[in-house]
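This report goes through the contacts between two chains and then some features within each chain. The sequence and the structure are shown first.

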Amino acid sequence: MNAETTRTFAKKDYMSDQIIRWCPGCGDYAILSQAQTVFAELQIPREKLAVVSGIGCSSRFPYYINSYGFHSIHGRAFAVATGLKVSRPDLSVWVATGDGDALSIGGNHFIHVCRRNVDLQILMFNNRIYGLTKGQYSPTSEFGKKTKSTPMGSIDHPFQPGALALGADASFVGRTVDIFTKDQRDVLKAAHEHKGTSFVEIYQNCNIFNDGAWDALTEKAVRDERVMMLEHGKPMTFAGGTCGIKLNGIRPEVVQLGNGLSASDCLVHDERDPFLAAIIMRMDFPAFPVPMGVLYRNPRPTYEVLANEQIAQAKAERTPNLQKLLSGGDTWTVK
Amino acid sequence: MKSVQALDHVVIRFAGDSGDGMQVVGSQFTNTTALHGNDLATFPDYPAEIRAPAGTLAGVSGFQLHFASHDIFTPGDAPEALIAFNPAALKANISDLKRGGLVIVNQEKFVPREWERAGLTANPLEDGTLEGYQVIPVDMARLSKEAVEGLGLGTKETDRTKNFFALGIAYWLYSRPLGPTELWINTKFKDPYREANLRALRAGHAYAENVELFTSRYEVAPMRQTPGVYRNIMGNQATALGLVTAAQKAGLPLFLGSYPITPASDILHYLSGMKAYDIHTFQAEDEIAAICSAVGAAFGGALGLTTTSGPGMALKTEAMGLAIMTELPLIIIDVQRGGPSTGLPTKTEQSDLLQAVYGRNGEAPLAVLAAATPGDCFYMAIEAARIATQYMTPVILLTDGYLANGSEPWLVPDVEQIPAFPVTFRTDPDGFKPYARNPDTLARPWVKPGTPGLEHRIGGIEKQDGTGNVNYEALNHEHMVKTRAAKVAGIKVPDLEVHGDDSGLLVVAWGSTFGAVRVAVDQARREGIKVAHAHVRNIWPLPGNLEAALRRFDRVLVPEMNNGQLVKLLRDRSLVDCISLPKVQGQAFKVSEVLAAIRHHQVSEAK
């Protein structure tokens, strides 16, 4: 029996020997743990796993995973990962990034990796703050937010990351929360299963510089009313099935179920519908519950497959002959 | 019967509007001349705008070609013949022409409206401007129109054939065959344009043969060359071919991440057509993504490459630092152009030398090479790949616009004779450390992701030597800074070769000034001046014998197309006081300029 086929990986196999240097209580620990669990559930051979990151707290992620890892420079993880995946399509390439890294300094690379559809899993830890530089506002910080660099309140309008990814034609958009362990694992697994750029926004708490960033949504007492778990083919309901989302023309609205309205009157989630996705990405608290899970999934050919097909095609059309190539078209001989 | 004069070399220049097809006729004349067996050097010169307003000085595009029956090294200082398509082209170029030279002009454009566009107040054909030149006005528009009559071409399309008419004249004048260009037209164009261009070319040739205006024609015999197969090659072509060859010799797939920029884009174009050689070409969203994708590919085990020019170099510097820190092989090609900022996008300059050597945050040494001629780009590209893979370091190869678009006949090398330098990836997990070092080269091991048991993390944060773990300790940092410097300093570099005398004046040059300097030095020696030429191809680290070589001479002169950059490096490394000869005009040195400086700075015997 082949030793390769009998190898199995446990969660601890993905833990590196490095001391984790995130602040105690940081949401990143939860994400790391779920990711390692998912790697084991998926049995991704450790050597085939490559984790690429930019700069920021989130970008320390690769150091803590016992696989191949590349902690690159601020904002550029998508570009590094693109080069890696195109030249090594056999690897499972994951990108760890943050709201500043991905959407601010790396914004250009972000939109282009989405439209190219390179088969990467992008985990964007969104804590709505710059943590590693100690507390400046980020491109997802709320309007009016007071931070070290905005003592009078931020006058920047924030990005809605899912809408941005969709606008850049990402083929997969998922959303989850650091503390939603099971849901997070489901989204990560779906992201891995999807061939193409899988963008996963993970709401993450920075307990030092933006503590309680997502409490308004994720506190146990209010969670059911303020977030809505989406499932493909299922009606959009929340608050224990007491509320739902209904379309009024082309706009969604929250309706109380009962009194003649039931789940069957509600909007049904279709992951593959880009028009519906546009509506979903714009549903935000407090007007709506925040949709969670796989928000959009619509496969199309991936960049690295197309790129490698062109190489195969070129080889099929013309046998490489370096000597002939160097000679070019017109030559003359001196005797 | 018209006479045929034998010449040993000729410099001609075609000049017209940027839409007149000057680069096409220039490159056609070049190919035909190369096939004829002359040595040659070319200099295309075109504006940054694709189509500047017609008839203006800003829109003038030129192509200069020097061909000879002997070895030549430059496109020539002053043309003997100028073919000018309009008053602006005449005005922009006439001052370069040799006194008594031949001027062929496109007559229909010499009308008041066109002079005024060129900023002239009178017809230059009549106001004495051309006194002392041999002027031949040709009504190219009418003649080419007659030639293509009946093919159903519109006015604009008809007008576009006149460059081939002019080329026909030039072919007659210099006794070149029409065959190679006819062949090219047949493959490049579809009817009716194919037929129209053929007719215009032949009509131009017949016109020159029959009309009384041309009293003599010229012949430049093929030169005696080293036996072998030759082709004409441009610098960017040679660079691309060198990279393909390098990847094959290293046994690696090549990954190019690039963003379009003048004058480097042609390397991207060439390599995009060579995918069958395991080449990925990735046109990135910007210069930063271009280099970062190449770094990612290098991490994956490919030969990572990025190509750019000055402004792009500026944007790539942080990622170069990353490649230095992660000690990955990477090739960065900078086809230099006039700077700073956007500068002179289509003009040549050598002003990125200090940026290449020093222009990064932190102590960030890497290897820097510079190609001397268009054909040399091939060999320097291979050398860049060899150093990068052998020493696990980024390497910058400097070329420039003059080399990139200039061309020369090139002895096609025998692929088998080019030494291979196969890369071995580490696969043995036993005792593996990501930053353990090869004692000879100080290189760390290159491991391909996918190799079981060698999983490791790299990144831009300071590393502990050996383990590669993140480390902020004071002494480790100093040790790593010095180790990275020692690795680059220890790159084996061939000694500097000195051509000429062994005392007196030494002219130290680098990059594309090779031709002008070599010709000037040889000329000066014939005049009895004690002078030598040393050409630096390894900019960093510099050759080990550099200081000794400089000290053998009484004076050192350093011509370069910048405000004095190599000269700083030479002084710094040798403490020899070198004389700077800067030229920052977006143009290459003329032989006469270097020669004048040699005469001025020569060391008199009675010293």
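Across the interface of chain B and chain A, 29 residue pairs are in polar contact, both residues being at pLDDT 80 or more; a polar contact is a pair of N or O atoms within 3.5 Å, where within protein one must be able to donate a hydrogen and the other to accept it, and residues adjacent in sequence count only if both atoms are side-chain atoms. The side of chain B that touches chain A draws two or more residues from each of helix H1 (22–36), strand E9 (228–234), helix H9 (235–250), strand E11 (279–283), helix H11 (287–299), helix H12 (310–326), strand E16 (407–411) and strand E17 (457–459) of chain B. Helices (H or I, at least four residues) and strands (E, at least two) are DSSP runs, numbered from the N terminus. H11(B) gives the largest share of this side, eight residues. Sorted by class, the side of chain B that touches chain A holds 38 nonpolar, 22 polar and eleven charged residues. In this scheme Ala, Val, Leu, Ile, Met, Phe, Trp, Tyr, Cys and Pro are nonpolar, Asp, Glu, Lys and Arg are charged, and the others, Gly among them, are polar.

The model is predicted, so local features need pLDDT of at least 70 and side-chain atom pairs count only at pLDDT 80 or more, while totals for chains, interfaces and linings use all residues. Residues are numbered from 1 along each chain as its sequence is written, chains are lettered from A and ligands numbered from 1 in the order in which they are written, and side-chain values use heavy atoms, with hydrogens and water left out.

**Extent of the interface**

In total, 71 residues of chain B are in contact (heavy atoms within 4.5 Å) with 55 residues of chain A. The area buried between the two chains is about 5300 Å², and carbon and sulfur atoms give 63% of it. Buried area is the accessible area (1.4 Å probe) that two parts lose on being put together, summed over both. B:His280, B:Glu285 and B:Arg457 supply 13% of the area that chain B buries against chain A, more than any other three residues.

Strand E12 (residues 331–334) of chain A is joined to E9(B) by four bridges, and the two run antiparallel. Two strands pair if DSSP finds at least two bridges between them. Within this pairing, A:Thr333 stands opposite B:Val229 in E9(B).

**Salt bridges**

A salt bridge is a side-chain nitrogen of Lys or Arg within 4 Å of a carboxyl oxygen of Asp or Glu. The structure holds 44 of them over all chains, and three are found between chain B and chain A. Selected pairs follow.

| Pair | N to O distance |
|---|---|
| A:Glu41 and A:Arg185 | 3.6 Å |
| B:Glu455 and A:Arg46 | 3.9 Å |
| A:Glu271 and A:Arg297 | 2.9 Å |

B:Glu455 lies in the loop between E16 and E17 of chain B and A:Arg46 in the loop between H2 and strand E1 (49–53) of chain A, so this pair joins two chains. B:Glu455 counts as buried at 11% relative accessibility; buried means under 20% relative accessible area, exposed over 50%, and partly exposed in between (1.4 Å probe, protein chains only).

In chain B, salt bridges that share partners join B:Lys109, B:Arg113, B:Glu114 and B:Arg117 into one network.

A:Glu41, at 39% relative accessibility, counts as partly exposed.

**A sheet in chain A**

Chain A has an open sheet of three strands in the order E8-E9-E10, with antiparallel pairing. Strand E8 (237–238) and E10 of chain A are the edge strands, each pairing on one side only. Strand E9 (residues 243–248) of chain A pairs with E10(A) over six bridges, and A:Lys246 stands opposite A:Glu253 in E10(A).

**Two buried threonines**

B:Thr161 lies in the loop between helix H5 (155–159) and helix H6 (162–173) of chain B and is buried at 2% relative accessibility. The side chain of B:Thr161 reaches the backbone oxygen of B:Thr158 at 2.7 Å. Not counting residues up to four places away in sequence, B:Thr161 touches B:Ser144, B:Val148, B:Leu153, B:Ala196, B:Asn197 and B:Ala200.

A:Thr218 is found in helix H8 (residues 215–218) of chain A and is buried, with a relative accessible area of 5%.
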